[in-house]
Amino acid sequence: MSVRALARLSGFSPSFISQVENGQASPSIASLEKIASALGMTLGSFFSSPDTAGQQHARIVRGQDGGHLTSDWSLATIRNLGQGAEHGTLESLLIELQVGGRSGHEPDPRGVETFAFVVEGRLQLHLIDGQQTLNVGDAVTLAPGLAHRWTNESNRSARLLMISSRQLLVAN
């Protein structure tokens, strides 16, 4: 796929796509999700390795194993907990947001149902109609198409477990 074609499908400029491709720009988590979606993938698919693709048995990801992505813009590290499970129905990610970290500029809708659980720290969940503070042990299920974003406005890093359906759903 050309840079121009991906830019058109993702809604970004060709120059931004080129900068991301060449490691000259660090996209936000929301931008990474839009690029993945334009490629017909999920964010977790970026971690897939050919040797685990298509396996039909239990997949164990050891603590020291597994891929991760870092977004300097979002001040985040994203770890795929379901490495090699791109043919399954769920995607599981562990996201660490540093102090001041955020998933994007504005609340952004995702086309999948998502369950999120705060593992460590305190996070703000921004929705179109307001903001909620989530602390350790708090959980939320977000309907497909619900615009949202995450921010860490506390004075320490926070970790969020996110489990999403892989099937894109149409929100009404």
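Start by selecting Leu 75, which sits in the loop between strand 1 and strand 2. Helices and strands here are DSSP runs, H or I of at least four residues for helices and E of at least two for strands, numbered from the N terminus. The model is predicted, so local features need pLDDT of at least 70 and side-chain atom pairs count only at pLDDT 80 or more, while totals for chains, interfaces and linings use all residues. Residues are numbered from 1 along each chain as its sequence is written, and side-chain values use heavy atoms, with hydrogens and water left out.

**Stop 1: Leu 75**

Check the backbone at Leu 75: phi is positive, about 55°, although the residue is not a glycine. Most residues other than glycine have a negative phi. Leu 75 counts as partly exposed because its relative accessibility is 36%; buried means under 20% relative accessible area, exposed over 50%, and partly exposed in between (1.4 Å probe, protein chains only).

**Stop 2: the whole chain**

Zoom out and colour by secondary structure. The protein has three helices and nine strands, and along the sequence they follow the pattern α-α-α-β-β-β-β-β-β-β-β-β. Of the 172 residues, 43% count as buried. Among contacts between residues at least 6 apart in sequence, 63% join residues at least 24 apart; a contact means heavy atoms within 4.5 Å.

**Stop 3: helix 1 and helix 2**

Select residues 3-10 for helix 1 and residues 14-21 for helix 2. The two pack at an angle of about 110°, with their axes 8 Å apart. Axes are lines fitted to C-alpha atoms, for helices over the stretch in contact, and angles run from 0 to 180 degrees between N-to-C directions. Helix 1 and helix 2 are therefore roughly perpendicular to each other; under 35 degrees would count as roughly parallel, over 145 as roughly antiparallel, 65 to 115 as roughly perpendicular and the rest as oblique.

The crossing of these two helices is right-handed. A crossing is right-handed if the near helix is turned clockwise from the far one by less than a right angle, and left-handed if anticlockwise.

Show side chains at the contact. From helix 1 come Val 3, Arg 4, Leu 6, Ala 7 and Ser 10, and they meet Pro 14, Ile 17, Ser 18 and Glu 21 of helix 2. By class, this contact has five nonpolar, two polar and two charged residues. Ala, Val, Leu, Ile, Met, Phe, Trp, Tyr, Cys and Pro count as nonpolar, Asp, Glu, Lys and Arg as charged, and the others, Gly among them, as polar.

Within helix 1, the buried residues are Ala 5, Leu 6, Ala 7 and Ser 10. Their cover includes helix 2 and helix 3. Just after helix 1, select Gly 11, where phi is positive at about 85°.

**Stop 4: Phe 12 and Phe 16**

Which aromatic residues pair up? A search of the whole structure finds one aromatic pair. Phe 12 and Phe 16 form it, with a tilted arrangement, 5.0 Å centre to centre and 45° between the planes. Rings of Phe, Tyr and Trp (its six-membered ring) pair if their centres lie within 6.5 Å; planes under 30 degrees apart count as stacked, over 60 as edge-to-face and the rest as tilted. Both Phe 12 and Phe 16 are buried.

**Stop 5: helix 3**

Now select residues 29-38, which are helix 3. Its axis comes within 9 Å of that of helix 1, and the two cross at roughly 110°. Helix 1 and helix 3 are therefore roughly perpendicular, and the crossing is right-handed. Leu 6, Leu 9 and Ser 10 of helix 1 meet Lys 34, Ile 35 and Ala 38 of helix 3. This contact has four nonpolar, one polar and one charged residues.

Helix 3 is mostly covered, with eight of its ten residues buried. Those buried residues pack against helix 1, helix 2, strand 1 (68-71), strand 2 (76-80) and strand 3 (90-97). One of them is Leu 32, with a relative accessible area of 12%. Its C-alpha is separated by 9.9 Å from that of Ser 103, 71 residues apart along the chain. Just after helix 3, Gly 40 has a positive phi of about 75°.

**Stop 6: Asp 108**

Finish in the loop between strand 3 and strand 4 (114-120), where Asp 108 is found. Is Asp 108 buried or exposed? Asp 108 is buried, with a relative accessible area of 18%. Not counting residues up to four places away in sequence, Asp 108 touches Ala 30, Lys 34, Leu 146, Ala 147 and His 148.
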